[in-house]
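Biologist: Please walk me through the structure shown below, and give me the cut-offs as we go.

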Amino acid sequence: MLKGRHLVEPGDFSKEELEGLFSLAEKIEDDPAFLRECCRGKILATLFFEPSTRTRLSFEAAMLRLGGSNLGFAEPSSSSAAKGESLADTIRTVSCYADAIVMRNPKEGAALLASRFSAVPVINAGDGGHHHPTQTLTDLLTIKRVRGETANLTIGFCGDLKFGRTVHSLAKTLSRYPGIKMIFISPPELTLPDYIKEMLSTEKIPCQEAERLEEVIGDLDVLYMTRVQRERFFNEQDYIRLKDFYILTMEKMEKAKKDMIILHPLPRVNEIAEEVDNDKRAVYFKQAKYGMYVRMALLASLLGVV
Ligand code: ASP
């Protein structure tokens, strides 16, 4: 039962609960009329202290498709945060108005703090460079729908693995599935944080690190490309030096398996050449759609209407 629960980090839901969400999302995709009015009268607050296109709009679209309504802000300058209000006070207030809260915040741990002050479920839509659990729901549903299963895969994470919160959440969640091997492809400055590496080693997940994508691309079933997270860098020069470290082109794709799939949480900046978009292995725009279905399933479950 997910009713009334918070989703702050990937470990908050059991594997069985995740599978339940995926089957619900699949039913929604197969029958768009299913659950159409189930959130009538319910209100979702979307509080975005950082930019977003897909996460915020897919949550809002999900709520509208379930028959509910949305309120909130897309940038903190239009909220009392700009006057110095604490996050705790904002959350105490918003939880008087809404039935659930989706929040993105630049501070790691902000979602956990919000969950402690909220009277309604809090969903973490990204807390700094830490976690982004609903992107993981999106990623796993995409893998399941396109490849048929989320087990027995070699997955390559490529790009900014240090600040990329979607990588941290997905690696942590995939460590619970059997037969997963992970290859982490990054420049030495942008390798995975130690706490994720330690978790993977405790779980005895087969892992490998690489610097060159060309050397490992042929081994992968899933390639998870990421953007270099400019907003987390202290120094613009470092960002400029690293931003084009990886650019996936059709030439590199020639070395990849015929059934490998490419995921990207988006936005893409320069790390995937546009020529790759036409390759059937590129599923990142489909992924954005699965994000809406799985968020519909999540909202319906947390609000206790299914
Ligand atoms: N949209 C994802 C996130 O919010 C990925 C990114 O921004 O690069 O983490």
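Modeller: Gladly, and let's start with a definition: buried means under 20% relative accessible area, exposed means over 50%, and partly exposed is in between (1.4 Å probe, protein chains only). This is a predicted model, where local features need pLDDT of at least 70 and side-chain atom pairs count only at pLDDT 80 or more, while totals for chains, interfaces and linings use all residues. Residues are numbered from 1 along each chain as its sequence is written, and side-chain values use heavy atoms, with hydrogens and water left out.

Biologist: Is Arg40 buried or exposed?

Modeller: The side chain of Arg40 meets that of Glu37 in a salt bridge, 2.4 Å from N to O; such a bridge is a side-chain nitrogen of Lys or Arg within 4 Å of a carboxyl oxygen of Asp or Glu. Glu37 has 44% relative accessibility, so it counts as partly exposed. Arg40 has a relative accessible area of 56%, and therefore Arg40 is exposed.

Biologist: How many salt bridges are counted between domain 1 and domain 2?

Modeller: The domain assignment, automatic or from a database, gives domain 1 as 10-131 + 290-302 and domain 2 as 133-288. Their C-alpha centres lie 24 Å apart, and 33 residues of domain 1 are in contact (heavy atoms within 4.5 Å) with 30 residues of domain 2. A search of the whole structure finds 23 salt bridges. Between domain 1 and domain 2, the count is 6.

Biologist: What is the area buried between domain 1 and domain 2?

Modeller: Buried area is the accessible area (1.4 Å probe) that two parts lose on being put together, summed over both. Carbon and sulfur atoms give 55% of it here, and the area between domain 1 and domain 2 is about 2,700 Å².

Biologist: Why does the salt bridge of Arg165 and Glu50 tie together parts that are 115 residues apart in sequence?

Modeller: The side chains of Arg165 and Glu50 meet at 3.3 Å, N to O. The pair ties these parts together because Arg165 lies in helix 6 (residues 165-174), while Glu50 is in the loop between strand 1 and helix 2. Helices (H or I, at least four residues) and strands (E, at least two) are DSSP runs, numbered from the N terminus. Both partners are buried, and the reason for the tie is their placement in helix 6 and in the loop between strand 1 and helix 2.

Biologist: Which residue's side chain meets Glu50 in a salt bridge of 2.9 Å, N to O?

Modeller: Glu50 meets Arg165 at 3.3 Å. The 2.9 Å salt bridge of Glu50 is with Arg232.

Biologist: Which geometry do the rings of Phe49 and Phe73 have?

Modeller: The structure holds 7 aromatic pairs: rings of Phe, Tyr and Trp (its six-membered ring) with centres within 6.5 Å, where planes under 30 degrees apart count as stacked, over 60 as edge-to-face and the rest as tilted. Both Phe49 and Phe73 are buried. Their ring centres are 5.2 Å apart and their planes at 90°, so the pair is edge-to-face.

Biologist: Which residues does Gly72 touch, not counting those up to four places away in sequence?

Modeller: Gly72 lies in strand 2, residues 69-73. Its C-alpha atom is separated by 8.2 Å from that of Leu44, 28 residues apart along the chain. Leaving out residues up to four places away in sequence, Gly72 touches Thr46 and Leu47.
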